[in-house]
Structure formats: C-alpha cells, structure tokens
Amino acid sequence: MNKKVAFYTLGCKLNFSETSTIARGFEKEEFERVDFSEEADVYVINTCSVTENADKRFKTIVRQAQKANPDAFVAAVGCYAQLKPDELAAVDGVDLVLGATEKFKITDYLNDLTKNDKGEVHSCEIEDADFYVGSYAIGDRTRAFLKVQDGCDYKCTYCTIPLARGISRSDTLQNVLKNAKEIASQDIKEIVLTGVNIGDYGKGEFGNKKHEHTFLDLVKALDTIDGIHRLRISSIEPNLLKNETIDFVAQSNSFVPHFHVPLQSGSDDILKKMRRRYLSNLYVDRVKRIKEAMPHACIGVDVIVGFPGETDEHFLETYHFLNELDISYLHVFTYSERDNTVAAEMDEVVPKKVRNKRSKMLRGLSAKKRRAFYESQLGSVRTVLFEGENKKGYIHGFTENYVKVKAPWDPALVNTLHLVELLDIDADGLVRFEFVSKAITA
C-alpha cells in the first residue's frame, strides 16, 4: 500500500503554489495525497510568519495532525520554519523542520518516517537562498496560482520576508511559459501570477542581478498563450506598476482589469518610517492612471494600522486618503511586532486596543467601498467564471473585474465562463445577475 501524505498551507498564494509543487514531489515518490483531516503517514505544514496569528496557529495544526494519527511524521517548511526553526522543532510532535533552501527536497529527508524525540532542523543562512524553484498550484478546477518570482530586496522596516525568503530572484521566462502551458492543458480557465515582489520580475533570472526580461515582457509573453482565458496580477508595488503595464492590460486579450496595489499608509510620515519606496502622491497617480485606462477596473489595497508612531492624526490622514480614492476594497492588517525588524525596536508603540479600533474602522470603510464599486457595476454586462463549491445551495463566481456573484447551485456551471448582466445586490452583499448568452466556454 502507498504511504499517505497530507498538507496544510498557511499564508499567501505563493505558499499555496509551493505546497502544490512539494506535493507533486511526493506523488513521484508514490505517496497518496489525502486531506489534512484524514489519517496520513506524513503531515507537511507550510508555515507563514507575516502575522502573529499564523505563528500561533501552527501548534493547533500540529495537534490536529496528531489527533488524526499520533504516530505520523510531522514536517514544517516555509517562512516561519526559516525564521524560527528551533522554536518549531521544540513543538511537541514536530519531527522535521526545513528552511528556505531545503523545503523542495523534503522527500530526501524522509528515510524511515520514525518519530523523533525532538524535531530535526535543516535550515540555512538566508544568503544561501539564492536559487529559484518554479511552482504552480491548482487550488480548484477553475484557477491556478503561478509563481514567477521569489524573495525581496526591499528593506521595509516591519517585514521579515527578506529574512525568510532571501534576495529577489525570478523564474526564466521560458519556464514560466512552460508552466502556464501545462496549466492551460488541464482546462484551467484562470491563472493568478504570484510572487513576493512580482513587479521586480526579471531580477535574478540567471542567478545574478542581470536583467534580460522585465515584468512587462512577462505580461506580454503570457498574453500570447492559447487556452488561458484570464490572467490576473495578484499584487504589485505601486512604484513598480508602470504606465506601460497598465496600458497593456487595458487592451490585453487575457489580463483582467483587476489590480491589487499595496499602500500600507496614507500618511507620508508613516510611509517614510516604513521605508516604503514611494509617497502618497505616487499612489494617487497610479489609481488615476488605472481608472483612466479602465474605468471599470477593480483596485484592491493593502493597509497596515497601528504602526509605531502612528498618531490619531496619521491614522485619520490614511482614513480620509482612502475614503477619497477611487478604490474597490481593502485588505487591512493590524501591525504586529516581528523579531529582527527595525520597527520592533521603535518607540511610540500604539496600544493593541487602539490598533484594533483602527482596524475595525478601516474594515467598515472597505465594506462601504466594495458596496459602492458593486453598485457602479449594476446594469453592465460582464463575464463570470463559476467556481466549484456548493455553498449552502449557491454557486459563486467572479467577473473579470472581481465582482462576486451568486446563483442557485448548478453543477453544469462549474468552470464555465458566461456573459451576464449584473442586476442587484443581495442581502449578503453578493450580486445577482441574468444570463446574456450561452456559455463562452464549457
């Protein structure tokens, strides 16, 4: 009988793409992949360290694995495993911890699957994480996450990602296109481009800082691939989102009018303390440029509240800045101190209670912004890609510009694209529609 392996992924789309690649390595070794809630011989937890909660959840997930099979071999990989390997190794039940350079070689470490008294650690100095491993994940049958870049050369004062993932480096254009074609051959309708700092694409393509290709080159090349109906840019820094890229997406065959552009603060004082590479006026310019080229575009924003030194005035500056911007939704992060970052040593710490209050205010603003964006789209005809899950008798889908719609469950709609007219917003905030034509693709 084949041995069984189960995976749990914390964190970002990039982690999901890497878990899939690691899982394919197990399949080559003739492991059978099962759900994390089921009994397995090996449990692999791909960790994240971006938020405080991700750290805390790790122990809970280990306990979940032990409950399913007390004798199972438990391995931890990912960002937290690189940053705090000894801490993870000390968690009861953990047998193996692999750092940034070792995670893709995990099957080499699984000799006899004997439980260890203490977790075995194979980590590296992060300077050694200077090579690139391509990845992609097929989360459900409709969408795939395609990793194009890893690591980051930025030195934002709150962030541990450069410590966890190393320097900025990119996949070769040839390999990205090969992976995209593999995805297309599996009847996946949408690819989401992912990485740590994807606008930096091209850097490290040859294992050094030499550039042959840019992010724009990547976008143009992917747009020519047959069989992919939608390409989505997951998140791109405002200073790296160039006019040429915006203009190309506006007239592209496959790229959708949806941008996720991290802001972090609307206060220039705080942006400087964060060591971000732009000020608020550049952000305003990017939003205007997108909306001029694509008035119906969806724009998502990352924002951090409660950064050290953020006064009530700074926070209100951010609130009003976002309120006046023509954006569609927010991802709100409550600042949490991370070891070995500059911000963790800063004075003027904002009390947790104040951080939580500010976070709640911005989440309220996000709900208002999303509602206003959805209302602006009512009456328009859009293309919807339907997803594969039956959610309480309804099927959900997303338009190209990221409006979430719902209809009574119909399995025939799964992974199909349809032209629809957006009609009204339901009580749960999702949009109802009527079909304009038969399926564009089945």
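Is E348 exposed or buried? E348 is exposed, with a relative accessible area of 55%. Here, exposed means over 50% relative accessible area, buried under 20%, and partly exposed in between, with a 1.4 Å probe and protein chains only. The model is predicted; local features need pLDDT of at least 70, side-chain atom pairs count only at pLDDT 80 or more, and totals for chains, interfaces and linings use all residues. Residues are numbered from 1 along each chain as its sequence is written, and side-chain values use heavy atoms, leaving out hydrogens and water.

The salt bridges come next. The structure holds 28 of them. A salt bridge is a side-chain nitrogen of Lys or Arg within 4 Å of a carboxyl oxygen of Asp or Glu. E348 takes part in one with K273, at 3.9 Å from N to O. This pair links distant parts of the chain, 75 residues apart. E348 sits in the loop between strand 15 (329–334) and helix 12 (352–377), and K273 in helix 9 (residues 268–274). Helices (H or I, at least four residues) and strands (E, at least two) are DSSP runs, numbered from the N terminus. K273 is partly exposed, at a relative accessible area of 26%.

A second bridge joins E337 and R355, with the closest N and O atoms 2.8 Å apart. E337 belongs to the loop between strand 15 and helix 12, while R355 lies in helix 12. The two are 18 residues apart, and the pair again links distant parts of the chain. E337 is partly exposed, with a relative accessible area of 33%. R355 counts as buried, at 2% relative accessibility. Elsewhere, salt bridges with shared partners join E18, K103, K147, D150, R165 and R169 into one network.

R232 and E190 also form a salt bridge, and their closest N and O atoms are 2.8 Å apart. R232 is in strand 12 (residues 230–233) and E190 in strand 11 (residues 190–194), so the pair ties together parts 42 residues apart in sequence. Both R232 and E190 are buried.

Aromatic side chains were searched across the whole structure, giving 14 aromatic pairs. Rings of Phe, Tyr and Trp (its six-membered ring) pair if their centres lie within 6.5 Å; planes under 30 degrees apart count as stacked, over 60 as edge-to-face and the rest as tilted. The ring centres of F36 and Y43 are 5.1 Å apart and the planes are at 70°, so this pair is edge-to-face. F36 is buried, at a relative accessible area of 5%. Y43 is buried too, at 0%.

Y158 and F307 form another edge-to-face pair, 6.3 Å centre to centre with 85° between the planes. Y158 lies in the loop between strand 9 (149–150) and helix 5 (161–165), and F307 in the loop between strand 14 (298–305) and helix 11 (312–324), so the pair ties together parts 149 residues apart in sequence. Y158 is buried, with a relative accessible area of 13%. F307 counts as buried at 0% relative accessibility. F7, F26 and F31 form one aromatic cluster.

Charged groups also sit over rings. This requires NZ of Lys or CZ of Arg within 6 Å of the ring centre and within 35 degrees of the ring normal. R24 lies over the face of Y136, at 4.1 Å from the ring centre. K406 lies over the face of Y394, at 4.1 Å from the ring centre.

Helix packing was examined for helix 11 and helix 12. Their axes are 11 Å apart, and the helices pack at an angle of about 5°. Helix 11 is therefore roughly parallel to helix 12. Axes are lines fitted to C-alpha atoms, for helices over the stretch in contact, and angles run from 0 to 180 degrees between N-to-C directions. Angles under 35 degrees count as roughly parallel, over 145 as roughly antiparallel, 65 to 115 as roughly perpendicular and the rest as oblique. Contact means heavy atoms within 4.5 Å.

Two further buried positions were examined. N15 lies in helix 1 (residues 13–28) and counts as buried at 1% relative accessibility. Beyond its neighbours within four places in sequence, N15 is in contact with T9, L10, N46, T47, C48 and R165. A81 lies in helix 3 (residues 79–83) and is buried, with a relative accessible area of 0%. With neighbours within four places in sequence left aside, A81 is in contact with T47, A76, L88, V97 and L98.
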